[in-house]
Amino acid sequence: MTDVTSEFEAFLDGFLPADYAENYQRYRRDVKLRTEYQATAYDAGWLIPEWGPGEGGRDLSVPDALAVKLAGARRRVPRLMNIQGVGVAAPAIRAFGTAAQRERLLRPAARGDEWWALGMSEPGAGSDLAALRTTATLADGVFTVNGQKVWTTQADEARWCTLYVRTDPEARPHRGISCLVLDLRSPGVEVRPIRTAGPAVESFSEVFLDDVKVPEEALLGPLHGGWGVAMSSLEHERDMIWINTWLETTRALEPTLTAPELSEHQLVRLGRSLADAEGVRLTGLRTAAQRWAGLPSPASSILKLLGSESVQRAALLSLETAGARAFDDPALFDERLESLGATIYGGTSEIQRNIIAERTLGLPKGTP
Amino acid sequence: MTDWQLLAPDEDALALADTARAQFRSLHGAAAMRAALDGGVPDGWETVADGGYADIGIPEDLGGIGRMIDLVVMLEEAGRALLTAPLLASALAYRTQVAAGVHREDFRRAPAGFGIAEGVVDMDDGNGRCHVERARVLGGPGAAAFTLIVKGPDRAWVVVVDPEAEGVEPVGQATLIDPSRPLPVFRLGGEAGVACAECRELPLGDLDRMLAGARACVAADLVGTAAGALDAAVAHVLQRRQFGRAIGTFQAVKHRLADAYTAVEQARSLAYGAALSLTGEPPGDSATRDCLLANAVAAETAVRVASLFTQLMGAMGVTFEADCHLFLRRAHQTACLLGEPDDLYLAAARIERIERRISR
Ligand SMILES: Cc1cc2nc3c(=O)[nH]c(=O)nc-3n(C[C@H](O)[C@H](O)[C@H](O)COP(=O)(O)OP(=O)(O)OC[C@H]3O[C@@H](n4cnc5c(N)ncnc54)[C@H](O)[C@@H]3O)c2cc1C
């Protein structure tokens with residue numbers, strides 16, 4: 001263990017309740033603990049260790065920051081309440097925001113004081129994000145926005161939304177999109193929660209936008225340059241998301257790992273899932289090491305696909321292994337349902353396969 | 001430099017991989033495999049020995065050079081090139097000798113044979129006398145020493161025996177799947193048993209630990225086999241045209257190749273991870289587990305990707321002329337060398353469950 005990770009462990013020892021590891025399942029749903037964890041880790045510079053002091057970090061090198069995040073995953077640090085705030089919105093604001101936007105938005109987004117939603121998908125634009133039709137017209141320094149977003153995670157609880165809108169209807173689909181920072185309290189915004197199949201960890205909603213006024217200063221990144229903002233902020237997430245899917249996979253395996261009795265067939269499946277989890281962790285580390293060494297890291301294109309499918313296989317195994325015990329333990333089926341979303345959000349598994357085939361293997365573009 | 005940074009092989013390892021790739025390619029593995037299928041005897045040990053490849057991954061105090069990660073990237077290149085020189089058999093023998101503490105520098109002067117067999121070793125006279133009814137020995141003919149893991153009813157042994165020693169008898173048996181890597185059967189015994197050149201007695205429970213290094217080597221070889229088949233498959237679908245376009249344009253083809261790529265990269269990560277886990281002193285149960293998983297995933301991946309390569313070639317894929325069956329033969333034979341994947345997954349799961357109980 002390096003010095004920084006032991007310092008981080010000491011921070012965790014000071015913050016987490018003594019029975020945290022033991023009663024982890026209960027603390028997972030402890031909103032107060034999760035909220036306080038994010039703010040405290042931010043203030044102490046452990047939340048985004050590679051960022052600077054005052055930004056939730058301490059200027060750690062990439063390897064040290066990764067070591068800290070892995071140590072956190074091993075200790076199963078509390079799940080952040082609004083993951084996309086830290087993981088997607090904050091990096092986008094930091095990279096593309098004006099000085100005024102950074103000043104106003106960055107700290108509360110990263111610290112968890114203000115929540116963020118990502119307004120990308122629409123009824124007619126799912127996998128094909130570039131088909132989005134919500135429009136924004138700029139006149140007298142104000143955008144007027146009309147349209148609809150859907151599957152917007154936590155829109156009902158968030159203060160802000162990175163809203164992707166069509167600002168140039170004449171341009172080719174990717175070229176006419178802009179990203180606006182929408183205050184979800186603005187007049188004309190209506191958020192309607194969608195009932196999920198099970199008690200999902202995070203809610204999602206439809207967002208209706210009817211002549212919503214957004215000041216020109218709320219443009220994030222260049223006008224008509226929203227596609228670049230979307231790609232780069234998702235990339236940031238993609239680089240690190242494997243830590244989370246690795247953690248989720250090992251967590252989903254827990255009931256099987258500790259089951260009193262397993263058949264040989266179940267042990268074989270458990271072994272396969274362990275190989276999944278290790279495959280995610282080691283590929284994440286290997287590609288991070290390549291990037292750090294300035295080498296190409298083509299295998300990072302498999303992380304979303306392998307990670308999400310791993311979580312899914314693990315949850316399925318634990319449910320099936322439990323057999324009739326699952327009738328008495330609602331968590332098992334809920335985990336299974338929850339895991340089914342993993343291969344849909346953030347680019348479905350099919351889209352991931354298209355990306356691997358075309359960008360990594362160099363096969364021809366287009367899908368007849 | 002933390003450990004995991006070596007998961008991206010450093011300059012030394014990459015330079016070694018480059019040299020090995022060029023040199024192994026010049027040995028024309030595919031042609032040599034076809035020749036072996038027609039009854040030829042594979043050779044190439046001299047090139048391997050002169051290149052110093054046998055010393056890679058052997059601890060420096062035993063006269064070797066390099067680290068486990070070097071050995072793994074080198075064997076990956078051997079697998080990719082369908083190398084027929086007996087490098088894998090030797091690597092398995094040396095890894096097992098090193099793990100058992102019976103390695104000697106002079107064992108590396110000639111190709112080695114390796115096998116796992118049931119039998120007993122009589123330790124009465126101190127050096128060990130070995131009785132084995134049937135030992136399948138990878139690299140058999142031409143090997144200067146056989147390293148065997150002998151499994152008894154309640155003990156196991158790692159032994160090194162001289163194939164010329166009294167009591168060692170070939171029982172014939174051609175190698176049917178991949179004759180470029182001969183696996184002939186021998187009987188070691190008679191009344192007195194075969195005198196061992198080296199012997200180490202172990203509890204049965206130590207077998208997977210003893211085999212961990214060999215598993216990392218098999219994994220590396222199979223990752224290379226899978227990667228070679230994948231490269232060939234991608235090259236083919238870019239060039240073959242049907243319905244007026246390259247068949248690599250069809251999504252059904254793309255998605256299967258994307259899955260194959262994902263499996264190869266997962267297998268490679270596990271193989272490199274296994275190599276690094278063996279660097280701990282002494283490697284513990286988690287290294288044993290990592291090596292079991294790496295072996296199992298690489299075995300399944302090599303078979304799967306070689307099969308996919310065959311499918312994507314169309315009818316050409318089932319001809320002698322196409323390389324598909326060479327990858328497939330290599331994959332199938334090597335995949336079950338150290339146990340069926342299901343058995344390895346099962347053993348890894350057991351280790352994990354025991355560790356979990358201890359840590360709680
Ligand atoms: C839990 C959850 C949270 C989400 N949170 C958000 C959020 O916060 N913000 C947001 O904007 N969106 C969010 N989404 C939406 C998500 O991004 C979309 O669901 C996703 O992009 C897929 O779009 P779709 O649902 O319209 O499915 P479709 O695009 O209609 O796809 C349906 C099926 O067709 C397949 N398919 C589509 N195109 C192709 C193709 N070219 N090749 C092969 N197969 C194809 C897909 O893989 C899928 O299996 C969330 C989704 C989920 C499940």
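A: Let us start with contact, which means heavy atoms within 4.5 Å. In this predicted model, local features need pLDDT of at least 70 and side-chain atom pairs count only at pLDDT 80 or more, whereas totals for chains, interfaces and linings use all residues. Residues are numbered from 1 along each chain as its sequence is written, chains are lettered from A and ligands numbered from 1 in the order in which they are written, and side-chain values use heavy atoms, with hydrogens and water left out.

Q: Which residues does B:Arg329 touch, if those up to four places away in sequence are not counted?

A: With those set aside, B:Arg329 touches B:Met33, B:Leu37, B:Leu176, B:Ile177 and B:Asp178. Helices (H or I, at least four residues) and strands (E, at least two) are DSSP runs, numbered from the N terminus, and B:Arg329 is found in helix α9 (residues 324–335) of chain B. The C-alpha atom of B:Arg329 is separated by 20 Å from that of B:Pro141, a residue 188 places apart from it along the chain.

Q: How should I read relative accessibility, and is B:Arg329 buried, exposed or partly exposed?

A: Buried means under 20% relative accessible area, exposed means over 50%, and partly exposed lies in between (1.4 Å probe, protein chains only). B:Arg329 has 24% relative accessibility and therefore counts as partly exposed.

Q: What does B:Ala349 touch, again leaving out residues up to four places away in sequence?

A: B:Ala349, found in helix α10 (residues 341–359) of chain B, touches A:Leu267, A:Leu270, A:Gly271 and A:Leu274. Its relative accessibility is 0%, so B:Ala349 counts as buried.

Q: Where is A:Ser308, and what are its contacts beyond its neighbours within four places in sequence?

A: A:Ser308 has its place in helix α9 (residues 303–322) of chain A, and at 2% relative accessibility it counts as buried. Leaving those neighbours aside, A:Ser308 is in contact with A:Thr245, A:Leu303, A:Ala342, A:Thr343 and A:Ser349.

Q: How do I read a polar contact, and with which side chain does that of A:Gln154 make one?

A: A polar contact is a pair of N or O atoms within 3.5 Å; within protein, one must be able to donate a hydrogen and the other to accept it, and residues adjacent in sequence count only if both atoms are side-chain atoms. The side chain of A:Gln154 makes a polar contact with the side chain of A:Gln84 (3.4 Å). A:Gln154 is in the loop between β3 and β4 (160–166) of chain A, and its relative accessible area of 3% makes it buried. Apart from residues up to four places away in sequence, A:Gln154 touches several others, among them A:Met81, A:Trp115 and A:Phe204.

Q: Which residues have a positive phi although they are not glycine?

A: One of them is A:Arg76, whose phi is near 55 degrees, and this residue lies in the loop between α4 (62–74) and α5 (83–96) of chain A. Phi of B:Phe243 is also near 55 degrees, and B:Phe243 is in the loop between β9 (241–242) and β10 (245–246) of chain B. A:Arg76 counts as buried because its relative accessibility is 17%, whereas B:Phe243, at 74%, counts as exposed.

Q: How many residues surround the ligand, and why is the site described as shared between chains?

A: A residue is near a molecule or strand if one of its heavy atoms lies within 4 Å of it. There are 16 residues surrounding the ligand, and the closest are A:Ser121, A:Ser127, A:Trp151, A:Thr348 and A:Glu350. The surrounding residues come from chains A and B, so the site is shared between chains. In the shell around the ligand, seven residues are nonpolar, eight polar and one charged, where Ala, Val, Leu, Ile, Met, Phe, Trp, Tyr, Cys and Pro count as nonpolar, Asp, Glu, Lys and Arg as charged, and the others, Gly among them, as polar.

Q: Which polar atoms of the protein lie by oxygen or nitrogen atoms of the ligand?

A: A polar side-chain atom of A:Glu350 lies 2.6 Å from an oxygen atom of the ligand, a polar backbone atom of A:Ser121 is 2.7 Å from an oxygen atom of the ligand, and a polar side-chain atom of A:Asn354 lies 3.3 Å from a nitrogen atom of the ligand.
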